Amino acid sequence: MYDWANSAFWTTVVAAVFPIYFAEAAAAGMEPSLATSRFAMANALAIAIVALVAPLLGAMADYAALKKKFLGAFLTLSVGATAALWFVRTGDWKLGLFLFVVANIGAVANMTFYDSLLPHIAAEHEVDRVSSSAYAVGYLGGGLLLVVNLLWIAKPSWFAIPDGGTAARLSFVSVAVWWAVFSIPLFRRVPEPPALRPAGTAGEPILRIAIARLGKTFHELRQYKQAFLLLVAFAIYNDGINTIIKMAAVYGSEIGFSFSGLLPVFVLVQFAGVPFAFMFGRLADRISAKRAVLLSLVVYVGISIFGFFISTLWHFYVLGFAVAMVQGGSQALSRSLFSTMIPKHRSSEFFSFFGVFEKFAGILGPLLFAVIAERYHSSRPAILSLVVFFVVGGYLLTRVDVEAGRAAARAAERA
């Protein structure tokens, strides 16, 4: 249910409505490529901050059974900042980017603790299906609210809303409410995994112990050679995926597509993504999760090349459908694949590093996008440059020995 809840943020705020609102309203009067560059920089900054604190918080969460408490704290931060986007009006680009960065910090950080619950609620043979199904449910939840938001923006008079700009700001408030309400089942029904605190250490400072455990975990992670190689591969190809997700709307706006023309594309991505996410779960059962992810990366290479050449809105629709085919499956199966290659009892610590690699994966792509867009006064070369992320990441993924990685995790659990 939490995927249903938080996907509204990734859909409306990160991918669809806010990027376009920022380009057309908050950054009104700013040169389009400069607006794109600043938006990309904001994405990179938010992720860099989370990447610095997530490993320490992950070690603390495992040690003292704080997964759900940390998840709730960052959820509150993000929900509050998302609701505050209501106050961003025409020309308020600084306020808009500040709140966007804060909301992203909360959203990205709480996903670290949410992901770390996966190996505690699903057996090894179930994780691919559970993870991909969760992504599918998330697509559906985020898509339903996006449809409502789109109707508000396209036909504000139907809902007694003064104008489309007010409707866009109201959509941010609706995301905050949706996220908060549908998060309740997770906190009520999912148990907190047991703490790793050894007997006789109750009085010791948790921060000092967490720092020591963090160093030990990083050292041990390098000993899990296959899991570590998977992380490196994931960091590279997921950088390309996240850049496409976060920059698609402002890229389309820069090319000249209208607000009303772009938003239906994101609705298409959400609902088309539902069956494809389920399909990737079944595909993983047939050909393995690793091969399914590699297939998705081949598609992403085609997406990046096609994105360079798009010139009409229907091209953007084709691009959106192609993204819907592979986005959920590639990320869900990467998450589930990693969860089978780490010891369950230390999932938060290891997933905090998964989060670090994932978050650092979201820094270089947007940063490169920003630099190229500003240098060439166009984002077309930037979208083409993403091919490198998928080719290099895919190559490294081919070198991962999944069975050896799983055997190492099982041996650690028995020790």
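## Exercises on rings, charges and surface in a predicted model

The side chain of Ser78 comes to 2.6 Å from the backbone oxygen of Ala103, a polar contact in the sense of N or O atoms within 3.5 Å, where within protein one must be able to donate a hydrogen and the other to accept it, and residues adjacent in sequence count only if both atoms are side-chain atoms. The model is predicted, so that local features need pLDDT of at least 70 and side-chain atom pairs count only at pLDDT 80 or more, while totals for chains, interfaces and linings use all residues. Residues are numbered from 1 along each chain as its sequence is written, and side-chain values use heavy atoms, with hydrogens and water left out.

**Exercise 1.** Determine where Ser78 is found, and whether Ser78 is buried or exposed.

*Solution.* Ser78 belongs to helix α3 (residues 67–84), helices being DSSP runs of H or I with at least four residues, numbered from the N terminus. Its relative accessible area is 0%, so Ser78 is buried, given that buried means under 20%, exposed over 50% and partly exposed in between, with a 1.4 Å probe and protein chains only.

**Exercise 2.** Describe the geometry of the aromatic pair Phe18 and Phe172, and state which helices hold the two residues.

*Solution.* A search of the whole structure gives 17 aromatic pairs, where rings of Phe, Tyr and Trp (its six-membered ring) pair if their centres lie within 6.5 Å, with planes under 30 degrees apart stacked, over 60 edge-to-face and the rest tilted. For Phe18 and Phe172 the centres are 5.7 Å apart and the planes make 70°, which is edge-to-face. Because Phe18 lies in helix α1 (residues 2–26) and Phe172 in helix α7 (residues 164–182), the pair ties together parts 154 residues apart in sequence.

**Exercise 3.** Identify which arginine lies over the face of Trp93 and which has its charged end over the ring of Trp86.

*Solution.* Arg38 lies over the face of Trp93, 4.4 Å from the ring centre, whereas the charged end of Arg169 sits over the ring of Trp86 at 4.2 Å from its centre. The criterion is NZ of Lys or CZ of Arg within 6 Å of the ring centre and within 35 degrees of the ring normal.
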